[in-house]
Amino acid sequence: MNKLFQGAIKFYEEDYNNEKSFYKSLQENAPHTLFITCVDSRIDPNRLTQSKSGELYVVRNIGNMIPPFRKDNNEITDGYLAVTSSIEYSICKLKVKNIIICGHSNCGACTVVYDKEMLNTMPYVKKWLELLNPTISKVEAMKPENEHKKIWLTELQNIQQQLHNLLSYPFVEERFNQGELQIYGWYYNIMSGQILNYNLITQEFKPIIGDKPLFEQ
């Protein structure tokens, strides 16, 4: 813990004092991109995108998941308001131009979801990971030949499912269809450092290459 305290001191004495004007400019919260990713400690959104403080509005949870939109009797009924309210706020209030859903390799959520014995010791995690059920059904239909491939397919299918869930929200779908929102699905391979981008039209994951900007600022 002492390392973290020393880091906070170093931030103030070096980073902040060397860039006071920049940090003072952050009084207004005006990110251009909503970045939805896993809570995994190996994922650093700003480092992955080489972006600065203030550029990304980050939402994190186990498995980088988005509950599907539900509306019953004209009343929104959602037990996962921490996620859905953050998405709504970033789009409707902050007017972000881009959304990235970033999954990753060696994902604990996509592994433990198959370990029923372990899940029974973590009731809150078990409940949350019920959101993976549609993904699991799709993976099982593919009949993967081994455990490694099953986990890998789960990680990829999970990103596609979350894109589908995201677009189930009327305020997201409307802005996307009008060209006001750009939406991306990323798969970050921790071991290789490579990031794959999911093409919504071709439904393929391909490496991010070239020098063209991927999202609007």
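Trainee: At the start of α9, which backbone nitrogen does a side-chain oxygen of Asn 146 reach?

Mentor: This is a predicted model, in which local features need pLDDT of at least 70 and side-chain atom pairs pLDDT 80 or more, while totals for chains, interfaces and linings use all residues. Residues are numbered from 1 along each chain as its sequence is written, and side-chain values use heavy atoms, without hydrogens or water. A polar contact is a pair of N or O atoms within 3.5 Å, within protein one able to donate a hydrogen and the other to accept it; sequence-adjacent residues count only if both atoms are side-chain atoms. Here the Asn 146 oxygen comes to within 3.2 Å of the backbone nitrogen of His 148.

Trainee: How many residues does helix α9 have, and what span does it reach?

Mentor: Helices (H or I, at least four residues) and strands (E, at least two) are DSSP runs, numbered from the N terminus. Helix α9, residues 147-166, has 20 residues and extends 28 Å from its first C-alpha to its last. That is close to the 28 Å expected at 1.5 Å a residue, taken over one less than the number of residues.

Trainee: Is α9 mostly covered or mostly uncovered?

Mentor: Buried means under 20% relative accessible area, exposed over 50%, and partly exposed in between (1.4 Å probe, protein chains only). In α9, 14 of the 20 residues are buried, which makes the helix mostly covered.

Trainee: Which residues of α10 are buried, and where do they lie around the helix axis?

Mentor: In α10, residues 170-177, the buried residues are Phe 171, Val 172 and Arg 175. Seen down the axis they fall within an arc of 100°, so they line one face of the helix; the arc is taken over directions from the axis to the C-beta atoms. Their cover includes α4 (81-92), α9 and β6 (182-188). After α10 comes Gly 179, with a positive phi near 80°.

Trainee: Which residues other than glycine have a positive phi?

Mentor: Asn 64 has a phi of about 45°, and Gln 203 has one near 60°. Asn 64 lies in the loop between β2 and β3 (71-72), whereas Gln 203 lies in the loop between β7 and β8 (204-207). Asn 64 is buried because its relative accessibility is 1%; Gln 203, at 58%, is exposed.

Trainee: What do the side chains of Ser 51 and Ser 86 reach?

Mentor: Ser 51 sits in the loop between α3 (45-49) and β2 (56-61), and a polar contact of 2.7 Å joins its side chain to that of Thr 49. At 13% relative accessibility Ser 51 counts as buried. Contact means heavy atoms within 4.5 Å; beyond four places in sequence, Ser 51 touches Pro 45, Asn 46 and Leu 56. Ser 86, in helix α4, is buried at 19%. The Ser 86 side chain reaches the backbone oxygen of Ala 82 at 2.8 Å. Leaving aside neighbours within four places, Ser 86 is in contact with Tyr 57, Val 59 and Leu 81.

Trainee: Which residues line the second largest pocket?

Mentor: Rolling a probe the size of a water molecule over the atoms shows where empty space is left. The lining includes Phe 176, Leu 181, Tyr 184, Tyr 198 and Lys 206. Both β6 and β7 (195-199) give two or more residues to this lining.

Notes. 1 Å grid on protein atoms, 1.4 Å probe; cavity = no way out; pocket = protein on both sides within 12 Å on 5 of 7 lines; lining within 4 Å.
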